[in-house]
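Colleague: I have the file open now. Can you walk me through it, starting with whatever the database record marks?

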Amino acid sequence: MVPPLFRTPTGQEIPAVTADEMRDVDCVAVETVGLQILQMMENAGRALAWHVRDVHTRGDGTAVVIAGNGGNGGGGLACARHLANRDIPVSVVLDRHADELTGAAAHQHGILTEMDIPIQTDTQELSNSEEGTVIIDALIGYGLRGRVRSRASTLIECMNSHPGKVVSLDVPSGIDSTTGETLGSAVDPTRTVTLALPKTGLDGVPGTVFLADIGIPYTVYERLGIEYHCPFDEADWVRISVD
Ligand SMILES: NC(=O)C1=CN([C@@H]2O[C@H](COP(=O)(O)OP(=O)(O)OC[C@H]3O[C@@H](n4cnc5c(N)ncnc54)[C@H](O)[C@@H]3O)[C@@H](O)[C@H]2O)[C@H](O)CC1
Ligand SMILES: [K+]
């Protein structure tokens, strides 16, 4: 399969990667170069919060983050903190009980509880929220394995039936980030904010796609033989599309 070629609005080409290649990037960044996941996640959460504010054009200006237990969920929870810091009323719906969270997601969750941000597993508040509410899809990213299971599938349906705009982090949940296949059900976003490099499966996803800088240095790409030229200019993100 020939990988899709993404370009910025000025025509700069950006290589797309599979989930395995992106895991290699993460692995070299962390194991060899010494970045910490939380450093990259902080950049992801901040960039995502900017995009949520950007699509917040009307309504009551609230946001609901739907978060899973992996790196994607962790980025969504970091985004919730950045939104609250800008006085945007934000709440969180988890895909599991808070006691079951692990790793970076548990870490981000602990901060949100200290901030008194409402966190629940019940989707009622999401269903009742206004059209102007922006939904942040941080359920599953490139870590999706197999068909979407029932609880995640319910959350995906809930996001898709909400009248508000949906911003997906990294990959619309339910889309295989390598093949673009819908594994059972998938989020239909207004916008996707993908991290570091485009994923091959993003070719053809609905909505616009932005690439965000999460601070991975050139040397990581060089070590993996990925030809990378910085596509970012004044902003820490750039819109990308396939010809
Ligand atoms: N350098 C980077 O790009 C960085 C990306 N980050 C973000 O981390 C995710 C990848 O994180 P990972 O923990 O590997 O996986 P996910 O969060 O995508 O997925 C795990 C999550 O999903 C659930 N899940 C998996 N399969 C299924 C299924 N079939 N049905 C239901 N649920 C499923 C699982 O239970 C977990 O909850 C990447 O996309 C970025 O968003 C890092 O933040 C920083 C570096
Ligand atoms: K997602």
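Modeller: This is a predicted model. The UniProt annotation "binding site", from an unreviewed entry, covers Asn-72, Asp-137 and Ser-173.

Colleague: Take Asn-72. Where is it, and is it buried or exposed?

Modeller: Asn-72 is found in helix H3. It counts as buried because 27 other C-beta atoms lie within 10 Å, and the cut-off for buried is 20 or more.

Colleague: What does Asn-72 touch, leaving out residues up to four places away in sequence?

Modeller: Ala-138, Leu-139, Ile-140, Gly-141, Gly-143, Leu-169 and Asp-170.

Colleague: And Ser-173, where does that sit?

Modeller: Ser-173 is in the loop between strand S7 (166-169) and strand S8 (191-195). Ser-173 counts as buried, since it has 29 C-beta neighbours inside 10 Å. With residues up to four places away in sequence left out, its contacts include Asp-137, another of the annotated residues. Leu-139, Ile-140, Ala-152, Ile-156, Ser-168, Ala-186 and Val-187 are also touched by Ser-173.

Colleague: On to the ligand. Which residues come nearest to ligand 1?

Modeller: There are 31 residues around ligand 1, and Gly-70, Gly-71, Asn-72, Gly-141 and Gly-143 come nearest. Helix H1 (19-33), helix H2 (37-55) and helix H3 (71-85) are the elements that give two or more residues to that shell.

Colleague: Which of them gives the most?

Modeller: H3, with five residues.

Colleague: How does the shell divide by residue type?

Modeller: Into 15 nonpolar, eleven polar and five charged residues.

Colleague: Is Asp-170 buried or exposed?

Modeller: Buried, because 27 other C-beta atoms lie within 10 Å of its own.

Colleague: What about Asp-116, then?

Modeller: Asp-116 has a positive phi of about 60° and is not a glycine either. Asp-116 lies in the loop between helix H4 (103-114) and S5. It counts as exposed, because it has 8 C-beta neighbours inside 10 Å and the cut-off for exposed is 12 or fewer.

Colleague: How do the strands pair up?

Modeller: Ten strands form an open sheet with mixed pairing, in the order S2-S1-S10-S9-S8-S7-S6-S3-S4-S5. Strand S2 (13-14) and strand S5 (119-120) stand at the edges with a single partner strand each, so one side of each has no neighbour in the sheet.

Colleague: And S7 with S8, parallel or antiparallel?

Modeller: S7 and S8 run parallel, joined by three bridges. Ser-168 stands opposite Thr-192 in S8.

Colleague: Last topic, the overall fold. What is the chain built from?

Modeller: Seven helices and ten strands. The C-alpha atoms fill a box of roughly 45 × 35 × 35 Å along the principal axes.

Colleague: What radius of gyration does the chain have, against a compact globule?

Modeller: The chain has 17 Å, which agrees with a compact globule, because 243 residues would give a value near 18 Å. Of those 243 residues, 44% count as buried.

Colleague: And the contacts along the sequence?

Modeller: Of the contacts with a separation of 6 or more, 76% are between residues 24 or more positions apart.

Notes: Residues numbered from 1 in each chain as written. Chains lettered and ligands numbered in written order. Predicted model: local features only at pLDDT ≥ 70, side-chain atom pairs only at ≥ 80, totals over all residues. Helix = DSSP H or I, 4+ residues; strand = E, 2+ residues; numbered from the N terminus. Rg over C-alpha atoms; globule rule 2.2 N^0.38 Å. Contact = placed C-beta atoms within 7 Å. Near = placed C-beta within 6 Å. Nonpolar A, V, L, I, M, F, W, Y, C, P; charged D, E, K, R; others polar. UniProt positions renumbered as here; feature names shortened; annotations may be inferred. Pairing = 2+ DSSP bridges.
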